Amino acid sequence: FASGCTPETVGTNCQLWSSDQSTNTFIMLNHLFLPTRQCLLVFLLLSVFGWKRATCSPGEGRKIWQQPKPDPITQDQSFLYDTFPSGFLWGSGTSAFQTEGAWDQDGKGASIWDNFTHSTARGHLATETANIASDSYSCWEGDVKALEYLGVRSYTFSLSWPRFFPDGNARGQPNMAAVKHYSNIIDRLLENNIEPVVTLHHWDLPQALQERYGGWKNETLIELFEDYAFFCFHTFGNRVKYWLTMHNPYMVAVQGYGTGVHAPGEAGGASHSLTVAHNLIKAHAKAWHIYDTRFRQTQKGKVSIVLGSHWVEPQRGQTTHANVELCQKSIEAVLGWFANPIFGDGDYPVSLRIKHGVLMPTFTPEEKVWVQNTADYFALSFGPNNLRLGRNLVQYGQTVTPDLRRVLAWIKMEYGDHRVLVAEGGWFSEASVGREDTVAIYLMKRFINQVLQAIKFDGVQVFGYSAWSLVDGFEWNYGYTIRRGLFYIDFTDPIRTRTPKTAAQYYRHVVAQNGFPSDETSKEVKGRFPCKFHWGIVHFYPFSPQFTDPNVYIWNLTGDGSLRPVPGVKLQTRQAQCTDYLAIRGHLRLLASTGASHYRFALNWSLILPQGDLSNVNTEALRYYRCILMELKKLNLEAVVILYYPTHSAPNLGLPGPLHTTGGWLNYSTVGAFQDYAALCYKELGSWVQYWITVNEPNRLVDIYSNGEDRHQATHNLLLAHAKAWRLYQRKYSHQWRALVSVALHADWAEPANPFLESHTVAAQRFLLFELGRFLDPLLGTSNEMEQNKGNYPPEMKVFLDGQAPATGITGSSLPSFSEMEKEELRGALSFIALNHFTTRLVSPYPPTKLNSQHKQTPDHGCLTLSDPTWPSSSLGQAVVPWGLRKVLSWVSQRYGDALPIIVTGSGVDDQAAVEDKLRQHYVKAYLQEALKAHHLDGVNLQGFYVWKLQDRHVPQFGLFTSSHHQSKAKASVAVYREIISHGGFPKDSTVKTCQFTENQETCSVCAWMFRNKVMLVFGVCLLITAAILTALIIFIIFSKRNTIRGRRKRTRRKKKREGIPVHLSVPIVKY
């Protein structure tokens, strides 16, 4: 339709050309009309097409919430290693008002944003102006060089309407300085093989049109925008293949005319917003039609409109019909408001029409046909502006999430398989961040990978991505308080130098690789662990109160089914026997069913020694632990016993009450008390234990203390307590039982948060030294350290703390020093290295301002930790990062050598699934795969891996088995772990692992068999003894009877002889 010839005027007052006039003659805009028959024919065809579309069923976008969410564990759907399609349009973008400056130079007229920022009636909003901003009007060549640095293939930028036409009327003479400026930019871009993607209108409406017509509230602007679009297409169209009519009209309608937060600052409410949106949609359609009818055939470009959106998920992930409808309405209220008329059925979503009733403008049937399909591709804006507003649209617990993949999938399901350009993708940083925009890197990584997943998994035809924005600029109502640029600009510097931020370096890397090619280190390796490998499971504090209660009870006395003790009646309880603790056998039978070979559990120090000394020893508790150990031996399972398992919480941190009261680990007397406790445990339980751990995760325990000096003192005493316990065992018990003794450290890997900053690499190393080195260095030294220098804290740690001392008000070193005797006691006091590993942390240094102003809350290492949002994580927020295990094992092995074996004494993840714990299945396989790589490829002397933990206590969490309240059911991860154990790892074939045992091991196996079957053996021996006694008794009776007969005969003969009776001898008859 030509100018002035809209669907509602066809056949009435629409001026038409005669049929013999040439339709391809180029004349002034106010003389362009279609031939009568062409106009009527087009109207008829579009009417029929529109009727057919109107009868179609609505889109299917709501189905996306009804489908299962992508599983972050399977098919790499948390993070996809793959590349984008060939020819993918990588780009970056800016808008004219935010970056150009030169607000009143070279004939430019004022925009509504110029007026808005210059106004004094802006209340609490930012008071800066964009008079100079990034000075891109003068520094545009620097912008092109920035694009060259990134290596992108496109540049999205906007034209300034008031720079061309100060009065807004495009039928007048244009400002030739503006024409030359934008022509120069386009030409330079094309010279560098960068595709210009040009936006006609990015919010900077000429102020003259606002004052004369009331801005976008007046439908006159529809025609004026058409004139402006025609001018731009005619002037630049032969060099521009991608056009965008306007950018995110939702923000103009709502923020500009509804709330007044944006220019022109009118708070007209919903009625004004609805009217403005209606006019914006029609203005866009006008521009598309003018291009389609007058320029497409010769210029062969494509025209669209950038629409913004947020994303929401249902309340608590519950996809009920009501929750799904709420989510659908939320997206329809923003994206669907503009997309449905253009990409859908030509009308507003039903939910909006119902919500706003008579306030909602309407399209005539002819307008619906005319507006429908007025975009050649779908252009999407996904960033902080819409996500902030999205929070105001959620109801009943919905969650706004930055999930670009889900938005793209919704667009395809709702509006069909359109080609999509992400015309604005990105986030923001605080201005104080400067060039080190670490968080922006990970949000960019997440958004871009979500686009890749949408392409590969959901089949969305995304053909380009524009990282927003190219340079720092004026961020609308936030002024310069936030930054979105890939290039840093110091707004106090008149030159406005463009300096690449670390996010620009990262984006450049992604563009160069066309995505995220597969990492060689992520490939699976085949092989087995050594025969002596510990296949372990962890549990802690097993205890049973059976047979310790002397009361007699009456049941159901009051009819409530309760037990009530009989007053004054006490029974004499017998000492508990192992068979009394019914829970032990059932608990350990679960353990045995996994195929594990080792069981790690903790003793309760405060239970065994309630007073903290040997004056009161709980023999019942010791008997219980002894029963556990005996039952483990019956099952041919090895025990790994922890002497002290800190609770990390009040009131006593797992210490006996009296010890905690006297200062706990800040008091050196606790060291001696721990040595006495260790001696008792060694003596009473040592014959059943081959592996002892003195303290579990002392590096986590010291975090409880509020200031650095206390943390250092607690570390000092914990090290000495461990060393004394280790020396004690070596001195008194090692020759007898030959157990190994260690201390277990929490050992998460630390990865530099920003790989482009040396300060982050240094911070990550410092983090590891404070976490691991301050405990292992005094015990082992480093592999390159002279023997006489061992027994000290890491020197790097001391240097850092000394450097921080002035800021914290400490004079001298805050680290306690070891005496020469203590150093000697510490050196080598470790039989193996025990590490508990669960996740990986991104580490960055504290900003100096925070380090100085918040030193009381700052960790000793002066590091901040964060997590990569692309890493899969559990419900408790634990990131699942398998490769971190390999890295921490290699780091420990390289620093301390491979003389001592390393055992991963705890590793696991929470999973809320009752039985099908997919996250834990993935965790066990992936982490053990990385452990195998560390052993086979890196030469780490790894000898064990323990899964945390055996059984849930209540609800599904870390356990391989459900709680006893849920019948102790095996979860699916048990079968996974059992299979890996049976194969001894990940062999090339599926054969079961068989190990060749030594003669001693065979003998031990026989002994173990005898121990397991000792009851039957004793019974058999009793039977043999009984049989021997019975046999002896029978023989005795027989011989006694025979002797009795012989005695009688002798007495008879003697009697007859005395009486003179001849005695006849029997002579044998001999036959010849």
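**Backbone and salt-bridge briefing**

Asp 106 is found in the loop between helix H3 (96-99) and helix H4 (112-118). Helices (H or I, at least four residues) and strands (E, at least two) are DSSP runs, numbered from the N terminus. This is a predicted model, in which local features need pLDDT of at least 70, side-chain atom pairs count only at pLDDT 80 or more, and totals for chains, interfaces and linings use all residues. Residues are numbered from 1 along each chain as its sequence is written, and side-chain values use heavy atoms, with hydrogens and water left out.

**Positive phi**

- Asp 106 has a phi near 55 degrees, a positive value in a residue other than glycine.
- With a relative accessible area of 45%, Asp 106 is partly exposed. Buried means under 20% relative accessible area, exposed means over 50%, and partly exposed is in between (1.4 Å probe, protein chains only).
- Asn 514 is not glycine either, yet its phi is positive, near 55 degrees.
- Asn 514 sits in the loop between helix H19 (502-513) and strand S16 (515-516).

**Cis peptide bonds**

- Trp 468 and Ser 469 are joined by a cis peptide bond, with omega about -5 degrees.
- Ser 469 belongs to the loop between strand S12 (461-468) and strand S13 (482-483).
- Another cis peptide bond connects Trp 948 to Lys 949, with omega about -5 degrees.
- Lys 949 falls in the loop between strand S30 (942-948) and helix H34 (972-983).

**Cysteines**

- A disulfide is a covalent bond between the sulfur atoms of two cysteines.
- The count of disulfides here is 0, taking a pair of cysteine sulfur atoms within 2.5 Å as the test.
- Cys 232 is buried, at 0% relative accessibility.
- Cys 681 is buried too, with a relative accessible area of 0%.

**Salt bridges: the count**

- Side chains of opposite charge can pair when their charged atoms come close.
- The rule asks for a side-chain nitrogen of Lys or Arg within 4 Å of a carboxyl oxygen of Asp or Glu.
- By this rule the structure has 48 salt bridges.

**Arg 589 and Glu 631**

- Arg 589 pairs with Glu 631 in a salt bridge, the closest N and O atoms being 3.6 Å apart.
- Arg 589 lies in helix H20 (residues 582-593) and Glu 631 in helix H22 (residues 619-634), so the pair ties together parts 42 residues apart in sequence.
- Arg 589 is partly exposed, at 41% relative accessibility.
- Glu 631 is buried, at 7% relative accessible area.

**Arg 841 and Asp 748**

- In the salt bridge of Arg 841 with Asp 748, the closest N and O atoms are 3.3 Å apart.
- The pair links distant parts of the chain, 93 residues apart. Arg 841 is in strand S27 (residues 840-845), while Asp 748 is in the loop between strand S24 (740-746) and strand S25 (749-752).
- Arg 841 is partly exposed at 34% relative accessibility, whereas Asp 748 is buried at 5%.

- Asp 938 and Arg 886 form a salt bridge, with 2.7 Å between the closest N and O atoms.
- This pair also links distant parts of the chain, 52 residues apart. Asp 938 is in the loop between helix H33 (918-936) and S30, and Arg 886 is in helix H32 (residues 883-896).
- Asp 938 is partly exposed at 33% relative accessibility, whereas Arg 886 is buried at 15%.
- Elsewhere, salt bridges that share partners join Arg 585, Arg 589, Glu 631 and Lys 634 into one network.
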